[in-house]
Amino acid sequence: MRYLPNTPAEVKEMLAAIGVNSIRDLFTCVPKNVLLKEPPALPAAMSEMEIERHMAELGGKNEGAAMLSFLGGGCYRHYAPSLIDQMLLRSEFYTAYTPYQPEASQGTLRAIFEFQTMIANLFSMDVSNASMYDGATAAAEAVMMALRNDRKKRTRIVVASTLHPHYIQTLRTYLEGFTGEVVLMEFDQQTGRVADRELAKIDKDTVAVLFQYPNWFGVIEDIHAIAKAAKAVEAWLIPAVIETTALGILTAPGELGADIAVGEGQPLGIPVNYGGPGVGLFTTRTDHVRKMPGRLVGKTADREGKECFVLTLSAREQHIKREKATSNICSNQGLMALAASMYLATMGKEGLRKVALTNLKRRDCLVKALAKTKAKLAFTGPCYNEIALKLPMKADAVIDKMAAEGVLAGVPASRYYPALDDILITATTEFHSCADAGRFATTLAKVIGG
Amino acid sequence: MSYTSNGFTDIKFHEEVLFERSRPGRAAYSLPAEDLTGAEDLLPADLRRKGLDLPELSEIDVVRHYTRLSTYNFSIDHTFYPLGSCTMKYNPKINEKMARLAAFANLHPETPLGYAQGTLKMLFDLQHMLAEVSGFAEVSLNPAAGAHGEYTGLGVIRKYHQKRGDTKRKKVIIPDSAHGTNPASCAINGFEAVVLESGPDGKICLDCLKGMLNDEVAAIMLTNPNTLGVFETDICAITKACHDAGALVYGDGANLNAILGVARPGDMGIDVMHFNLHKTFSTPHGGGGPGSGPVGVAKHLVEFLPNPVVRKEGDRYVFALLKDSMGRVRSFYGNVGIALRAYVYLLELGKEHIAEVAEQAVLNANYIKAKLKDIYNVKYPNDTLHEAVFDDSKLPNHVTTMDVAKGLIDRGYHPPTVYFPLIVHGALMVEPTETESKETMDGFIDALKDIAEKAASDPQSILNAPTKTYIKRPDETLAARKPVLKYGGEK
C-alpha cells in the first residue's frame, strides 16, 4: 500500500521497542465484543489506473458539466485565471493546517491578512474575518451575533423573502437554539423586490434586517430604502451578496451603512463544484470586531521588530471561551479564501469592474435575443446578470426540453415558490458569448414557440 | 541526515504585502477585447459604487508573490507534521487530480438530477462506505467541517427528544478533556454544557457519569479514543448507562483514525458521530479548510438528519427531504469537492487495506511514546492508541512546551499540538499518523531528545529558538491589544 511506508522488518523493530508481540496487542484496550472479525465491507482496493478509469466513467454520467449552462441561483460560473489553480496546487499551502505556529505558517497567515484586506475593501467594510463555511452559515452567524449583542435585547428578525431559500432555511435551523423569530418581507409581484409596504415590518422590536442583493430572482433590491428603514429603528443592517462579482460595479454594503455584511466568495475564481466548497464571507465594523465569529489574522512584530502576522483576538474563540465563545467555528475555508484572494489580486480593481460591466452587457444581449420569443421578463426591477423569465408554460417542462437540446436553461422558481411555476431564473456571465445568448433564445423559441 | 537540521536550511526571499507590489496601470487579467462604453448605464446610477481599492499587478507579480509566501509555510509535503488531534496524514495526489476533473468541478448544484447522476452516485456510495466503516445506519454529507458536524449531530439529538415530547432535556455532559468546539456547539444549539471531570487514568469515570445522568440530560458528548489518545475501555457500559437514563451518546469522530477498520463506533452504542474527512480520510487541511464533517446516525435517528439526503430510487439517485429533519445546515449539498477526495481515498484503500490505517497509526504513536516516555513525562500512559500526550514537567531550567515547539521548528519539524488537552499542564500532543516511516519518526525522536539535552546543558539555545525561520516569536499581545486586521488598518 503506497501510503503506508513501514516495511515488515521495521514493524518488527518497532513492536520490539514497544515491548509487544503483534500490532493487535496494541488494541487490547478495545473490548473484544466490538473488535471487528473482518474488515468493513468496502469494495476491493483499486490501483491508480483503475481509479482514473472508474472516475472517468462516473464523470461521464455528469452530462450537465459539459452542457451550455445558464444556471445561477446562488452559484455562478465565471472566468477563473489559470494561475489560481496552478498556485493552489502549491502543497505548501494545501497540505498545511491552521497557522497555530506563526514561525512555520507565515505564508498562510499573510495570505489570510491579504484576504481580509481585499474582502473588507470589496465590501467597503472595516474588517473581514478569515472566512466562514459558506454564505448561508455566514448569514446565520451574522444574525446570531446581532441577537447576542443587541443592547435592547430585541428578537424580531426581518428577512427579505427574496433571500436565497437555502439561506432562509439555514437561518431557521440555527434559530432553533436561540430566542428569535423570523418575519418575512414579501416581494412585489411587479418589481421582484421587497414591496415598499413590507418595509413597515421593520419596527422598534426588530433586532436585524437581512436581505440579499441582487436577490434570488436576480433583482437588485431598493437597497437604500431598506437601509433607511433599518437605520430608523437602529436595527442591525445585514446585507448579503452572493454574486460577489457584482461588487465590481454595484454599491457596496459598507456604502449602505451595513453593520454586518456577509456573502459567498465562490464567484471569485472558484469552480461551482456542485455547490461546495465555496467560501463564506463575513465583514463588520471596527466597533463590533470583538463580537464577531471566526478566525482573525492580525499584524504584529517579532522579537527583532520585523513585521509579521498571527492569529489574534482568539479570546473570542471556543478553545479558550468554550461554551461562551462567539461561535463554534474553529477553522476557515482556508484554501478557498486563498483562491478568492488570488482572483481579486489578478483581476485588480480594473479587471473586476470589467467583469461586472461585461455581466451587465451579457444580460442585455440575452434580453434582446429573447425579444423574439414568447418569454417575458417576469419583473421590472434592475438586475445584474440574471433574468427571471415568465414563460407561457411550466418552467420545469421548458428546462427538461431545453436540456434535451443540450442547454441548461436555469433554475425553476417553483423549486421554492410552488406558485411561480412559470418562472425561470436564468444567469449569464462573462463566461458566455453573445452567440451563447443567441443559442439560448433559439432553443427556447423552439420549445415555447417564437 | 541527522536531527540537527532534518535538511532544513533558511533560503527565503523577502516579500512585501501584496498591496505594496501594486503599480497603477498594471493588469494580470485576460478578458475579451470589448467595448464596454455605456455598459454601466445598464445599472441605475444610485446603485453604482464609488471606488474600489484592489491592487494592480501583473501576472508574474501575483505568481511570484504567492510562490514566495508558500515558502514561509511548513506543510506535510515538506516534513513531519504531528499535530495531535488533527490527523495530518499524507494527502494523496490522485485525490487532487480527480477532484479537478471537469466533469465534477464544473457541475452546477442546480443541474437537473438526470444530468448529474455521476456525482449523485459518488455521494450515495460515499455515504454508504462511511456508514459501513463506522457502523451507522445512514450518513449525511452536508456539514462543512468537524465543528459544523457537531452542530448538526446535536441538532439531530435535539429533534429526537423534541419528537418524543421529552423537552426537559437541556443538558449535555462533556468530559473536561474534550475539544473546545464541543461546549461551543452545545451553546449554539441551546443546550447547557455540563463538565465531567476525567478520572485518574484520564478516562471517563463510569460511576461519576451515572451520578450525573437524570431526566434533564439530553446527551453525553465523548471522543473515543479521547484527546489523550486513551481508549475509553468502559465505552459499552457508558453508552448503556446513558441509554438507560434516556440520554443519547454523541461521538466526536476526530480520533476515528485510531480504530478505522478495526472497530466501529456504531457497534459501541454511539448514536451520532461526525467524521472529519480532512483528518481520517486524507483530504487536505488547506491551511485551515475547507474541511468536511459528515454525520452518521444510528437507525432510530435517521429521520432527523439534515435536509436534503441523497437516496436511491430504483436505479436513479435523487435528493429527498425528511419531514422530521433537524433542518438545512448550509447552502446546497455539502463540500462535494472534498467528499470526492475522500471517496477516491476509500477506493484506493479498499477492504484489503482499511484496517492497516488504524494498525499503522497506533503502531507509530506507541513507538514514539515508548522511545520518549523516559525523557518527556506521559501523565496518562495506559491504553493509548493513535497519539501520545507528553508534557514539559521533566524539563529543567524553566524550558516549557512552547520552547520545545520552537526548538522543533529549528530542527525542521512542525511542532505537535501544544497546551491541549487542558487537563495536561504543558501538553505536547503527538499524532504521527500511519503515513510516516520509522526513520522519519526516529529523526523526530532524536530532535526531541536533543532539545531535552540542550534544555539541561544550554537552555538559552532552546529559549532563543527558533533562529532559522523568517520571523521569530511574534508579539501576540501587541497583535491583540491594537488589532491591525487589514493593510492600512493602522489609521
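These notebook entries record what I looked up in the structure above.

**Entry 1: conventions**

I note that the model is predicted, that local features need pLDDT of at least 70, that side-chain atom pairs count only at pLDDT 80 or more, and that totals for chains, interfaces and linings use all residues. Residues are numbered from 1 along each chain as its sequence is written, while chains are lettered from A and ligands numbered from 1 in the order in which they are written.

**Entry 2: domains of chain A**

I looked up how chain A is divided, and found domain 1 (63-79 + 348-448) and domain 2 (82-344); such bounds come from an automatic or database domain assignment. Their C-alpha centres lie 27 Å apart. The contact between them takes 25 residues from domain 1 of chain A and 25 residues from domain 2 of chain A. Two residues are in contact if their C-beta atoms, placed from the backbone, lie within 7 Å. On the side of domain 1 that touches domain 2, helix 10 (334-370) and strand 12 (386-390) of chain A each supply at least two residues. Helix 10 of chain A gives the most to that side, with six residues. Helices (H or I, at least four residues) and strands (E, at least two) are DSSP runs, numbered from the N terminus.

**Entry 3: helix 5 and helix 10 of chain A**

I followed helix 10 of chain A to helix 5 (residues 106-123) of chain A: their axes come within 9 Å and cross at roughly 60°. Helix 5 of chain A is therefore oblique to helix 10 of chain A. Axes are lines fitted to C-alpha atoms, for helices over the stretch in contact, and angles run from 0 to 180 degrees between N-to-C directions. Angles under 35 degrees count as roughly parallel, over 145 as roughly antiparallel, 65 to 115 as roughly perpendicular and the rest as oblique. The crossing of these two helices is left-handed (the near helix is turned anticlockwise from the far one by less than a right angle; clockwise is right-handed). Among the residues that meet are A:Ala111 and A:Phe115 in helix 5 and A:Leu338 and A:Ser341 in helix 10.

**Entry 4: A:Leu338**

I then examined A:Leu338, which has its place in helix 10 of chain A. A:Leu338 is buried, because 30 other C-beta atoms lie within 10 Å (buried requires 20 or more within 10 Å, exposed 12 or fewer, partly exposed in between, with C-beta atoms placed from the backbone). Leaving out residues up to four places away in sequence, A:Leu338 touches A:Leu88, A:Phe93, A:Ala111 and B:Gly287. A:Leu338 and A:Tyr94 are 244 residues apart in sequence, and 9.9 Å apart in space, C-alpha to C-alpha.

**Entry 5: the nonpolar core**

I found that the largest nonpolar core has 304 residues, and that A:Val143 and A:Ile238 are among those with the most contacts inside it. Such a core is a set of buried Ala, Val, Leu, Ile, Met, Phe, Trp, Tyr and Cys residues joined through C-beta atoms within 7 Å. Helix 11 (residues 336-372) of chain B gives the most to this core, with 22 residues. Beyond neighbours within four places in sequence, A:Val143 is in contact with A:Ile157, A:Leu171, A:Ala208, A:Leu210 and A:Ile238.

**Entry 6: helix 11 and helix 13 of chain B**

I checked helix 11 of chain B against helix 13 (residues 438-457) of chain B: their axes come within 10 Å and cross at roughly 30°. Helix 11 of chain B is therefore roughly parallel to helix 13 of chain B. This crossing is right-handed.
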